[in-house]
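Biologist: I have a new model open and would like to learn how to read it feature by feature. Could you walk me through it?

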Amino acid sequence: MARRFPQHVIRPVTSLDGLWDFAFLGDAEPGEVDLAALAFDDLMAVPGCFDATPKYAGRRGLAAYRTRVRTSEGLQRLVFDGVQHWCRVYWNGELVREHAGGFTRFWAETESAAGEAEITVLVDNRFDDRSPLHMEHFDWYAYGGISRGVELHRLEPLHIDGLKIDTLSVADRRVRVRIDYTGAEAGTAALGIECDGRALVSETVDLDASGSLTRELEIPWAAPWSPESPQLSTLTATLGGDDLRERFGLREVRTANARITVNGEPVVLKGVNRHEAHPQFGHAQPEALLVNDVQQLLDLGCNFVRGSHYPLDPLFLDLCDEAGILVWCESIGWQYPVEHLTDPAFVEAQLAHIGEMVAASQNHPSIILWGILNECPSWSDEGHPVYATLLGRLRELDPERPVTYASINAHDDKCFDLVDVVGANTYPGWYFGDVPDIPGELDRIAAHVDALGFADKPLIISEIGAGAVPGWNDAHGSLWTEDYQSSLLDTTVGHILDGQDRIQGLAIWVLGDFKTTELRRMALTRPRGVNDKGLIDEYRRPKQAFRTVQAHFKKH
């Protein structure tokens, strides 16, 4: 996987990115596939989305990927950073893992003899019960394939599974390090911890067959991480003959008195939502595209980006760490109906997905908010216990970050008691009202949140915007013109940054245009089959509103 630093120096790691053998199997069911009889008659890039390629554009069904690799004898771990939506992983024809969800890292392990191994992955991008987190009505096109990188790790019997670094005190430069490990049996091993090349721990430890080791350490030379000065440190843990390296920043995120603070300093969030999508690559994000997006965020004057509506590419988060861009990272979801939201199988799938999201991204200092369930039934009595369960799990996994979600209608919401930061999606001037009505509607949302008893909680407008067909204008400044979008956002951003003091964050919908679902009732409301609310089009060309928003953001 492409990262801005190597995660292993001792552990042998082989990248499996490249061209894999490929076969599109269409309506075939996975249980009916004879791997030995498969005719791989095509090639497919990994990472990549097969239904973003010309030959398979728009195709839904089962697909097979295959590659071969030479291995040494011992325990092998195949690591996938994202497969859409459901998959089965085979090692020399033996099933070693099944996974559903997309956008999160998972792995498959097996013992192997030395020699050449054949890896086959069955991937399905259909909407069915095997992947309860994906639904056809979502307002984005759900591409299929091995969309993020793949690696093969050769593991020692004792190996490190995870490394978590929490800031305990910025002032004291103190952190807590937790090392999760698995071993073949209980015993002793050498433990080492280095930070920025300086040895902090060197000792022999007693180990169970699996478990965790925790150490509190001081790193007095490290400078704090902040949006203005995004200073980063690298910590390496070694245990026996294995290692794992993570990058982190010293920073504390708190909420109080209706403000979000980073290291005690209040921040006003100025940003956008962002989908990981491109007409030619789908959810796969080439390195050049990620660099482009971060450059455009900075050019726009953003200090904040919301990942919509699923966990973000690890390399994008690396770049945000370096650029000082604050991030809202959320689990997958978009307007699940109540009956789906409350299905126990769905809740279990969300809990697993949230666990994978946090495990993969928890050390990124840029992430200041964890989120769940965009625009779902937080307005319903039935939804409240589900929100409580999922937000509670986030707090269990990471008590150091505030939690939130984006409400579809703040005036009817019933779950604001569960969050640290209130997020409200609203579209005055687009789905209701006119441009002059925008300031009043934003003020009404703020007043309503306060009247509910949450005046101490920070409030973010997590979505607001208007559609604009790229290049389209008319003499009337009509809906769908660039003129109208620019006017609406001029009023919106001007009011939030200069006309009030209650709302402390803004995420405009959306950075870039993106292809939406082909479900007819949705597609008929989306010109070109695209959600056109971007400040830039799907090929990253700025619209008129980009400069309008830029002028506001860079003034503050």
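Modeller: Gladly! Let us begin with a single residue and its surroundings. Leaving aside neighbours within four places in sequence, S131 is in contact with H85, W86, A100 and G101. S131 itself sits in the loop between β9 and β10 (150-155). Keep in mind as we go that this is a predicted model.

Biologist: Is S131 buried or exposed?

Modeller: Buried means under 20% relative accessible area. S131 has 3% relative accessibility, so it counts as buried.

Biologist: Since the model is predicted, what is the mean pLDDT of the chain?

Modeller: The mean is 97, and 100% of the residues reach 70 or more. Among the elements, helix α8 (residues 520-523) has the lowest mean pLDDT, 90, while strand β23 (residues 326-330) has the highest, 99.

Biologist: Now the whole chain, please. How many helices and strands does the chain have?

Modeller: There are nine helices and 30 strands. The radius of gyration is 24 Å, close to the 24 Å that the globule rule gives for 556 residues, so the chain is as compact as a globular protein of that length. Along the principal axes, the C-alpha atoms fill a box of roughly 70 × 60 × 45 Å. Buried residues make up 60% of the 556 residues. Of the contacts with a separation of 6 or more, 73% are between residues 24 or more positions apart.

Biologist: Let me try a helix next. How do I read α1?

Modeller: Start with its length. Helix α1 (residues 287-300) has 14 residues, and at 1.5 Å a residue these should span 20 Å; the end C-alpha atoms are 20 Å apart, which agrees.

Biologist: Which residues of α1 are buried?

Modeller: Here is the general idea. An α-helix has 3.6 residues a turn, so residues three or four places apart point the same way. In α1, the buried residues are L289, L290, D293, V294, Q296, L297 and L300. Seen down the axis of α1, these buried residues fall within an arc of 160 degrees, so they line one face of the helix. The face turned away from the buried side carries the exposed residues E287, A288 and Q295.

Biologist: What covers the buried residues of α1?

Modeller: The cover includes β21 (269-274), β22 (304-307), α2 (314-323) and α9 (544-553). L290 is buried, with a relative accessible area of 0%. Not counting residues up to four places away in sequence, L290 touches R274, Q285, D313, L315, F316 and L319. The C-alpha atoms of L290 and F316 are separated by 6.0 Å, although these residues are 26 apart along the chain.

Biologist: Which residue follows α1?

Modeller: G301 does, and its phi is positive, near 95 degrees.

Biologist: Now for a strand. Why is β6 described as largely enclosed?

Modeller: Five of the six residues of strand β6 (residues 86-91) are buried, so β6 is largely enclosed by the rest of the structure.

Biologist: Which strands pair with β6?

Modeller: Two partners to look at are β7 (residues 94-100), which pairs with β6 in the antiparallel sense over six bridges, and β9 (residues 115-124), which also pairs with β6 in the antiparallel sense over six bridges. Find W91 in your viewer: W91 stands opposite E94 in β7 and opposite I119 in β9. The hairpin of β6 and β7 has two residues between the strands, and there N92 takes a positive phi near 50 degrees.

Biologist: Which other residues have a positive phi without being glycine?

Modeller: Among them are N257, at about 55 degrees, and R528, near 70 degrees. N257 lies in the loop between β18 (253-256) and β19 (259-262) and is exposed, at 67% relative accessibility. R528 is in the loop between α8 and β30 (530-531) and counts as partly exposed, at 44%.

Biologist: One last backbone feature. Where can I find a cis peptide bond?

Modeller: One joins S308 and H309, with omega about -20 degrees; H309 lies in the loop between β22 and α2. Another joins W509 and V510, with omega about 5 degrees. V510 is found in the loop between β28 (503-508) and β29 (514-515).

Conventions:
Residues numbered from 1 in each chain as written. Predicted model: local features only at pLDDT ≥ 70, side-chain atom pairs only at ≥ 80, totals over all residues. Heavy atoms only, no water. Helix = DSSP H or I, 4+ residues; strand = E, 2+ residues; numbered from the N terminus. Expected span 1.5 Å × (residues − 1). Buried < 20%, exposed > 50% of the residue type's maximum accessible area, 1.4 Å probe, protein only. Arc of directions from axis to C-beta. Contact = heavy atoms within 4.5 Å. pLDDT = per-residue confidence, 0-100. Pairing = 2+ DSSP bridges. Rg over C-alpha atoms; globule rule 2.2 N^0.38 Å.
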